[in-house]
Amino acid sequence: MKALVTGGAGFIGSHLCDYLVANGHEVTVLDDLSTGSMANLHQLDGAIRFVHGSILDQDRVEECVRGQDTVFHLAAAVGVHTIVDRPLESLRTNLTGTENVVEAAVRHGARFTVASTSEVYGKNDSPGLREDADRVLGSPLKSRWSYAAAKGLDELLAYVHGQKSGLPCVILRFFNVVGPRQTGRYGMVVPRFVAQALEDAPITVYGDGTQRRCFGSVFDVVPAIVALLDTPTAHHRAVNLGGVEEVSIKGLADRVRELANSRSEVSFVPYTEAYGPGYEDMQRRMPDISLATELIGYQPEYDLDRIIT
Ligand code: NAD
C-alpha cells in the first residue's frame with residue numbers, strides 16, 4: 001500500500017512506520033514535531049518520505065494525501081499537560097486537523113483510520129446527572145475532557161464520512177499504549193516512572209495510587225491497527241485496543257522500582273498540585289477487547305513486566 005501516517009514521528013506513529021516499511025509498504029509521514037521527534041524515525045532514513053508540517057495546513061495535507069491509498073491519522077495534541085496547558089490550541093489540532101485529514105482522504109478515495117481514545121468513555125462513575133458532570137463534553141472547567149470531546153467528534157466525523165463515501169474506515173480507541181520511544185514529558189506515567197527509577201529519584205504518584213489502569217504494548221497494538229483496516233467487518237466501527245492486565249498506580253510504581261533495581265522512594269502528589277485546581281482522575285479504566293478479538297483475533301502478548309522492561 002501507499003500510506004500516509006500523520007503523527008508518524010510520534011510514539012505509536014513511528015512504530016507503525018517501522019511495521020509498514022518492514023512489510024514492504026511505501027510510507028509518507030506528516031508531522032509538525034510538536035511532541036514527536038526525528039530521532040524516532042532515524043532507523044527509517046531513506047526508507048520513508050518525511051514532510052514537516054501541520055495537519056492544520058490544508059495545502060500540506062492535500063499534498064500529502066494525494067496519491068495515497070491509505071491514511072493512518074494519528075497526529076493529535078496529546079498528553080494531559082499539553083491539553084491542560086494549551087486547551088484551545090489542542091482543540092483546534094484535534095478538531096480542525098482531523099477534519100482536514102479525513103476530508104482529504106475522502107476526496108482522494110483513500111481508506112483511513114482515526115486514532116481515538118479511552119477518554120471518550122468519560123469519567124462516568126457518578127449517579128445522576130448534574131450540570132458540572134464530567135460527561136459534559138468539553139466543559140471549560142474540565143479542560144482535560146475537552147480532549148475527549150474533540151476525539152468523540154473526530155469519531156463522528158470519521159464515521160459519517162466513512163458511511164457517506166463507502167470508503168473503509170476504522171476508529172481506534174487506544175487505552176494506555178506503552179513502549180519504547182514514549183516520552184514521559186507530557187504526563188505519560190510508565191516512561192515517567194521508569195526515568196525516575198533509573199535516576200533513583202522519587203517516583204511521583206499522583207493521587208493516592210489506588211487508581212487502577214491497564215497498559216498495552218505498542219508491539220501488540222500496531223499490527224492490530226493494520227489488520228483492522230484490512231478486515232471488512234471492522235469497517236465503520238470503533239474498536240478498543242490495549243492491554244487487560246490491571247494494576248494500581250502504586251503497584252506500577254513498586255514494580256518499576258523492583259525491575260529497575262532502584263533506590264527510589266515512592267512519593268504521593270495531590271492531583272491538584274500536579275494538574276491544577278479541581279482536577280481528579282478516574283479510579284479505574286479497563287478495556288473490553290472482545291470486539292478486537294472477534295474481528296482480528298487480537299490477544300495482547302506483552303505482560304506488564306515485558307512492557308516496562
Ligand atoms: P505522540 O505525541 O507521540 O504522537 C503524536 C504525534 O502527532 C507527534 O509526533 C506530534 O508531533 C504530532 N502532531 C501533533 N500535532 C500535530 C499537528 N498539528 N500536525 C502534525 N503533526 C502533529 O503521541 P502517541 O501516544 O503516539 O499518540 C498517537 C495518537 O494516539 C494520538 O492521536 C493520540 O490521541 C492517540 N492515543 C494515544 C494513546 C496512548 O496511550 N499513547 C492513548 C489514547 C489515544
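**Notebook: a helix pair and a ligand**

I started with helix 1 (residues 11-22) and helix 7 (residues 218-229), whose axes come within 10 Å and cross at roughly 65 degrees. Axes here are lines fitted to C-alpha atoms, for helices over the stretch in contact, with angles from 0 to 180 degrees between N-to-C directions. Helices (H or I, at least four residues) and strands (E, at least two) are DSSP runs, numbered from the N terminus.

A note on the source: this is a predicted model, where local features need pLDDT of at least 70, side-chain atom pairs count only at pLDDT 80 or more, and totals for chains, interfaces and linings use all residues. Residues are numbered from 1 along each chain as its sequence is written, and side-chain values use heavy atoms, leaving out hydrogens and water.

Next I looked up who touches whom, with contact meaning heavy atoms within 4.5 Å. Helix 1 brings residues including Phe 11, His 15 and Tyr 19, and helix 7 brings, among them, Phe 219, Val 222 and Pro 223.

Then I turned to the ligand. Of the 28 residues around the ligand (a heavy atom within 4 Å), Phe 11, Asp 31, Thr 35, Tyr 147 and Val 177 come nearest.

I checked polar contacts too, meaning pairs of N or O atoms within 3.5 Å; within protein, one must be able to donate a hydrogen and the other to accept it, and residues adjacent in sequence count only if both atoms are side-chain atoms. A polar side-chain atom of Asp 31 sits 2.5 Å from a ligand oxygen atom. Ser 54 has a side-chain N or O atom 3.1 Å from a ligand nitrogen atom. For Leu 74, a backbone N or O atom is 2.8 Å from a ligand oxygen atom.

Strand 5 gives the largest share of the shell, three residues.
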